[in-house]
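Subject: Structure handover

Hi,

Here is the structure I promised to pass on.

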Amino acid sequence: MNPKFFTVEEATALIGFLESALERIRRNRQRYLWLQEEITILRVVVECGADDNNEDAKALEEKLDELAAVDREIARAISAIGDTGCILKDEEKGLIDFFSIQNNTVVYLSWQKKEDTVSYWRSIRERDGTVRRPLETSPSK
C-alpha cells in the first residue's frame, strides 16, 4: 500500500472526523473497562456453582457479548482513521500523523486532539514520536 500524502489544508480538513473517531474510541474504551469489571464480578458468582438458568449466568453471557461488540466498535473506529491515510500514533493523547512533503522533504504532519489546525511537523526519521516542530520552521534535510 502506498502512503497517502497530505497538504496542511487536507490534513486540517479531517480534524472534525478525527475528533469524532477519537471520542468514539475513548467512550468505548471506558465502556470496555466497565464491562470487564462487571464480567469479573459475574464470573466469581457464576463459578460458585450457578447453573445456566441462573440470572447471573445469563447476565454474564450478555456482558460477554456486549464486550465483544464494544471491541469491534473500537476496531472499526481505529480502522476508519487508518482508512483516511492517517497514522494513529497515540490513542490516549489523540496524536495523529499524516505523510506530507514540506520543502521537498517527506515528513509527518502532526496533529493532537484539541488543536484547531494541523500546525506541527516531525521528521519521519525521529525516533521520539513526541518531538513536534511548528510548521513555520523548515524541515531539515
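The largest nonpolar core has 18 residues, and the ones that touch the most other members are Leu18, Ile81, Cys86, Phe98 and Trp111. By a nonpolar core I mean a set of buried Ala, Val, Leu, Ile, Met, Phe, Trp, Tyr and Cys residues joined through side-chain atoms within 4.5 Å. Buried stands for under 20% relative accessible area, exposed for over 50%, and partly exposed for what is in between (1.4 Å probe, protein chains only). At least two residues of this core come from each of α2, α3, β2 and β3, and α2 gives the most, with 5 residues. Those labels are DSSP runs numbered from the N terminus: helices are H or I with at least four residues, strands are E with at least two.

Not counting residues up to four places away in sequence, Trp111 touches Ile15, Leu18, Glu19, Leu22, Gly94, Leu95, Ile96, Phe98, Thr117, Val118 and Arg132. Touching, or contact, means heavy atoms within 4.5 Å. Another core, of 9 residues, lies apart from the largest one, and its members include Leu42, Val46, Ala57 and Leu67.

A word on where this comes from: it is a predicted model, in which local features need pLDDT of at least 70 and side-chain atom pairs count only at pLDDT 80 or more, while totals for chains, interfaces and linings use all residues. Residues are numbered from 1 along each chain as its sequence is written, and side-chain values use heavy atoms, with hydrogens and water left out.

Now the helices. α2 runs over residues 15-47, which is 33 residues, and reaches 47 Å from its first C-alpha to its last, close to the 48 Å expected at 1.5 Å a residue. (The expected span is 1.5 Å times one less than the number of residues.) Its buried residues are Ile15, Leu18, Ala21, Leu22, Ile25, Asn28, Leu35, Ile39, Leu42 and Val46. Just after α2, Gly49 takes a positive phi of about 115 degrees.

α3 has 29 residues and reaches 42 Å from its first C-alpha to its last, close to the 42 Å expected at 1.5 Å a residue. Buried in α3 are Ala57, Leu60, Lys63, Leu67, Val70, Ile74, Ala77 and Ile81, and what covers them includes α2, β1 and β2.

Leaving aside neighbours within four places in sequence, Asn28 is in contact with Val70, Glu73 and Ile74.

Glu10 sits in helix α1 and is partly exposed, with a relative accessible area of 38%. Glu10 and Val118 are 108 residues apart along the chain, yet their C-alpha atoms are separated by 9.4 Å. Over in strand β4 (residues 120-123) you will find Ser123.

Two loop residues are worth a look. Most residues other than glycine have a negative phi. Asn103, in the loop between β2 and β3, has a positive phi near 50 degrees, and counts as partly exposed at 45% relative accessibility. Lys114, in the loop between β3 and β4, has a positive phi of about 80 degrees, and counts as exposed at 74%.

Last, the largest pocket, with about 190 Å³ of space. Its lining is Leu22, Ile25, Arg26, Arg29, Gln30, Leu33, Glu91, Glu92 and Lys113. That makes 3 nonpolar, 1 polar and 5 charged residues. Here Ala, Val, Leu, Ile, Met, Phe, Trp, Tyr, Cys and Pro count as nonpolar, Asp, Glu, Lys and Arg as charged, and the others, Gly among them, as polar. A pocket is an open set of points on a 1 Å grid over the protein atoms alone, where a 1.4 Å probe fits, with protein on both sides within 12 Å along at least five of seven lines; lining residues have an atom within 4 Å of a point. The volume is the space filled by probe spheres set on the points, which are joined across faces, edges and corners.

Cheers
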